[in-house]
Amino acid sequence: FIASFVFPKVIKKNGFKGILKFRILLHFFLPLLAVLISNIGSLYGYLSIFFFIGFALSARIVSEDAALIELSNESNRVIYSALAGTLNLAIIIFPLILGTLISIIGYSTIFIISALLTLIAFPILKSINCPIDVIKNK
């Protein structure tokens, strides 16, 4: 609900890359916040994490579809959509793999590693040339 008011302002000012940057930051900080709150044991802390997870999910929905449309041309759009749909299978497989790793290594280590791996997305995002962002910068 709140994201529907925040994201249009972010898109208007920073384009879809603004949403993608916001999403990367959320995916970096949320696992670290979860590890911190697990040590404190605060119910309100856990509630705040779920609140921000809602933002992250909204950012995913807004940014993925928009980026797919902006980065592909009309002749490739169907192929890109099919590839994006196929990659959604990772949503099914990844929890099984991570659940196994968490049982072996522990959740704190996995959460910290996943937060750090998320930072790899920044240089990739910087290299993406999104047409709407090019128009905004002129």
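## A residue to start with

Is Ile93 buried, partly exposed or exposed? Ile93 is partly exposed, because its relative accessible area is 47% (buried means under 20%, exposed over 50% and partly exposed in between, with a 1.4 Å probe and protein chains only). You'll find Ile93 in helix H4. From Ile93 to Ile19 is 74 residues in sequence and 26 Å in space, C-alpha to C-alpha.

## Ground rules

Keep in mind that this is a predicted model: local features need pLDDT of at least 70 and side-chain atom pairs count only at pLDDT 80 or more, while totals for chains, interfaces and linings use all residues. Residues are numbered from 1 along each chain as its sequence is written, and side-chain values use heavy atoms, with hydrogens and water left out.

## The whole chain

The chain has seven helices and zero strands (DSSP runs numbered from the N terminus: H or I of at least four residues for helices, E of at least two for strands). Its C-alpha trace spans about 45 × 30 × 25 Å along the principal axes.

Of the 138 residues, 25% are buried. The accessible surface is about 9500 Å², and carbon and sulfur atoms own 74% of that (Shrake-Rupley method, 1.4 Å probe; for residues, only the protein chains shown count as cover). Among contacts with a separation of 6 or more, 76% are between residues 24 or more positions apart (contact means heavy atoms within 4.5 Å).

Helix H4 covers residues 90-105, and its 16 residues should span 22 Å at 1.5 Å a residue; the end C-alpha atoms are 21 Å apart, so the span agrees (the expected value is 1.5 Å times one less than the number of residues). Just after H4, Gly106 has a positive phi of about 110°.

Helix H1 (residues 3-40) is another story: a straight helix of 38 residues would span 56 Å, but H1 spans only 28 Å between its end C-alpha atoms. H1 also has a kink of about 125° centred on Asn14 (the bend is the angle between axes fitted to the seven residues ending at a residue and the seven starting there).

## Arg23

Leaving aside neighbours within four places in sequence, Arg23 is in contact with Ala59, Arg60, Ser63 and Glu64.
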